[in-house]
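Let's take a walk through this model together, one piece at a time. Have the viewer open and follow along.

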Amino acid sequence: MSTATPSRQPVTGTAAAPRTRRPLLLDLYGTAVGKKYAMAISGIALMGFVLFHMIGNTKMYLGAVELNEYAEFLKKLLYPLAPKESVLWILRAGLLGMLALHLHAAWSLTVLNRHARSVRYQSARDYQEASLASRSMRLSGIVVLLFIVWHLLDLTFGVVNTVGADGEFVRSEVYANVVRSFERWPVALFYVVANLLLGLHLTHGAWSIFQSLGWNNPRFNAWRTAFARGFAAVVVIGNISFPIAVTIGIVSV
Ligand code: HEM
């Protein structure tokens, strides 16, 4: 009598698909859970950036010297141990990588959801809540992305900024660049609107992080809502205060 285990055929088409060896993280990213983790981790990194960027920008309330010195300090992080601007470039590369991951995960989760949900949710209330949140996330995300493009052309490259006294955009004159930009009321208004939408995005996003990472115990649901709203409020109030301060003349050249 043979003792060999009878060979079993795969039960699904998926199981029969040839398996190629991929790095573990890529394999994980291939699943919906992995993409949600990627979304949450990149979201946390981007939240860290917007918070510290806002805190750094409050230096403009101390004057031109303070804000310009702060920008110079960022360039000199770990200098002379590391070459000037090297740490800043590493941080920029990390930030860009996190943004790319966040966008890719968002896009591929949307595609996955569309394929998976051919039948609508049966509960009308759940369906409405889910669709409102996800629709506003996509819209606010796209506006924030367009804002970032404008913002870099405005304050980093000076392409859409008005020129300085000598007719040239001087990158290191951060304070003057910000004031000149916000002195144009349509630009100030755009910054306010974009940052309000950033706030909406952060409120939903910061709340969803806990869901994505599986930390959604009902015992701290009220706490995570408070955290998400509080975080978004701090970033938004800080950010919109800058164009408002220039418009009403509290900050000027
Ligand atoms: C009213 C609010 C804001 C002000 C006053 C502001 C100000 C600035 C300034 C002055 C710079 C150029 C710094 C330099 O070249 O040294 C800058 C760069 C940048 N800002 Fe903002 N910012 C604001 C909001 C935001 C928001 C909401 C985001 C993202 C969602 C953002 C993302 C960036 C990025 C990615 C850079 C380039 C950083 C780098 O090249 O190192 N900013 N911002």
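Contact here is a matter of heavy atoms within 4.5 Å. As for the geometry, the axes of α3 (residues 32-57) and α5 (residues 86-116) come within 8 Å and cross at roughly 145°. Those axes are lines fitted to C-alpha atoms, for helices over the stretch in contact, with angles running from 0 to 180 degrees between N-to-C directions.

A quick word on the ground rules: this is a predicted model, so local features need pLDDT of at least 70 and side-chain atom pairs count only at pLDDT 80 or more, while totals for chains, interfaces and linings use all residues. Residues are numbered from 1 along each chain as its sequence is written, and side-chain values use heavy atoms, with hydrogens and water left out.

Now zoom out to the whole chain. The protein chain has nine helices and zero strands, with helices (H or I, at least four residues) and strands (E, at least two) taken as DSSP runs numbered from the N terminus. Of its 253 residues, 29% count as buried, which is under 20% relative accessible area; exposed is over 50%, and partly exposed lies in between (1.4 Å probe, protein chains only). Among contacts between residues at least 6 apart in sequence, 65% join residues at least 24 apart.

What are the protein donors of the iron atom of the ligand? They are His 53 and His 151, each through NE2, lying 2.0 Å from the iron. Donors are N, O and S atoms within 2.8 Å of the metal (3.2 Å for Na, K and Ca), and since water is not among the atoms, sites may look incomplete. The six donor atoms around the iron subtend angles of 85 to 179°, so the arrangement is octahedral. The test for six donors is that opposite ones are over 155 degrees apart and all others between 65 and 115. For reference, the ideal octahedral angles are 90 or 180 degrees. His 53 sits in α3 and His 151 in α6 (residues 124-156), so the pair ties together parts that are 98 residues apart in sequence. His 53 is partly exposed at 33% relative accessible area, whereas His 151 is buried at 17%.

Stay on α6 for a moment. Ser 136 is found in this helix and is buried, at 16% relative accessibility. Not counting residues up to four places away in sequence, Ser 136 touches Gly 141, Leu 200 and His 204.

Further along, Gly 158 is in the loop between α6 and α7 (174-182). Gly 158 is buried too, with a relative accessible area of 11%, and beyond its neighbours within four places it contacts Leu 152, Leu 153 and Phe 169. Its C-alpha atom is 9.5 Å from that of Ser 181, 23 residues apart along the chain. Ser 181 is among the buried residues of α7, a helix in which eight of nine residues are buried.

Last stop: the loop between α4 (64-75) and α5, which holds Pro 80. Most residues other than glycine have a negative phi, and most peptide bonds are trans. Yet Tyr 79 and Pro 80 are joined by a cis peptide bond, with omega about 15°. In this loop there is also Leu 78, whose phi is positive, near 65°, and which is exposed at 54%. Glu 85 belongs to the loop as well; its phi is near 70°, and at 27% relative accessibility it is partly exposed.

How values were computed:
Four donors count as tetrahedral if all angles lie between 85 and 135 degrees; four count as square planar and six as octahedral if opposite donors are over 155 degrees apart and all others between 65 and 115; anything else is irregular.
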